[in-house]
Amino acid sequence: MKNRVAYITSLFFIITLLLFSTSDLYATTIDLRHLTFGFYREDWPVIYKDKILWLDEGVVKGYNFELNEYFNLFPGDQPLETIYGLAGYDGRYLVYIRADNENLFDVAAYDIEEEKDMKITDSLGSQWPTDYDNKTIIYIDGGPCGNLFTYNLTNQNSSLITEHACYAKISGNNIIWEYG
């Protein structure tokens, strides 16, 4: 009887240990937040660490998860008059789609520290940024599908990666796209 109680107690202890130690391996924790409640278009969200930014009627607004507060990225007047959509943010650079009647869509970045707007592309047609990571912008020349380029903000070099690309994304030194 003693051996049976010891066996059951040991078995219970092992099962409990396994349940609690492996449950974290399969559990995911996602905080879902509905941040905008306006009547107008509030879109083009980008996220960086504890901040999310979006475009609200041409104004870049944000939410800081750590402080639980809303903010405007640019206090006072917004310096970006031709902003159409957001593509990325890293705390210093805001990568965005610039729209005007002359060129349609171009890639641009705004250096928040230097308060300097930079045109990455400035040519006829559509150049569309699809992602941004680690000072590298990837964009497609030709609309949603076309020639895939990278642009490095540090050395200001642009490079053709491939032709016939769609839906490109970047993470570190890895770029993926769909052929199209």
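User: What is the handedness of the link of cysteine 145 and cysteine 166?
Analyst: In this predicted model, the sulfur atoms of cysteine 145 and cysteine 166 are 1.8 Å apart. That lies within the 2.5 Å cut-off, so the pair is a disulfide. The angle about the S-S bond is 115°, and the link is right-handed.

User: How many residues apart in sequence are the parts that this pair ties together?
Analyst: Cysteine 145 belongs to strand β11, residues 145-152.

User: Is cysteine 166 buried or exposed?
Analyst: The cut-off for buried is under 20% relative accessible area. Cysteine 145 has 31% and is partly exposed. Cysteine 166 has 3%, so this residue is buried.

User: Which backbone oxygen lies 3.3 Å from a polar atom of the side chain of glutamine 127?
Analyst: Glutamine 127 is in strand β9, which covers residues 127-133. Its relative accessibility is 1%, so glutamine 127 counts as buried. A polar atom of its side chain has a backbone oxygen 3.3 Å away, and that oxygen belongs to leucine 124.

User: Which residues does glutamine 127 touch, not counting residues up to four places away in sequence?
Analyst: Leucine 124, whose backbone oxygen is 3.3 Å from a polar side-chain atom of glutamine 127, is left out by that sequence limit. With such neighbours set aside, the residues touched by glutamine 127 are Phe105, Asp106, Val107, Thr121, Tyr139, Ile140 and Asp141.

Notes: Residues are numbered from 1 along each chain as its sequence is written. This is a predicted model: local features need pLDDT of at least 70, side-chain atom pairs count only at pLDDT 80 or more; totals for chains, interfaces and linings use all residues. Side-chain values use heavy atoms; hydrogens and water are left out. Helices (H or I, at least four residues) and strands (E, at least two) are DSSP runs, numbered from the N terminus. Buried means under 20% relative accessible area, exposed over 50%, partly exposed in between (1.4 Å probe, protein chains only). A polar contact is a pair of N or O atoms within 3.5 Å; within protein, one must be able to donate a hydrogen and the other to accept it, and residues adjacent in sequence count only if both atoms are side-chain atoms. Contact means heavy atoms within 4.5 Å.
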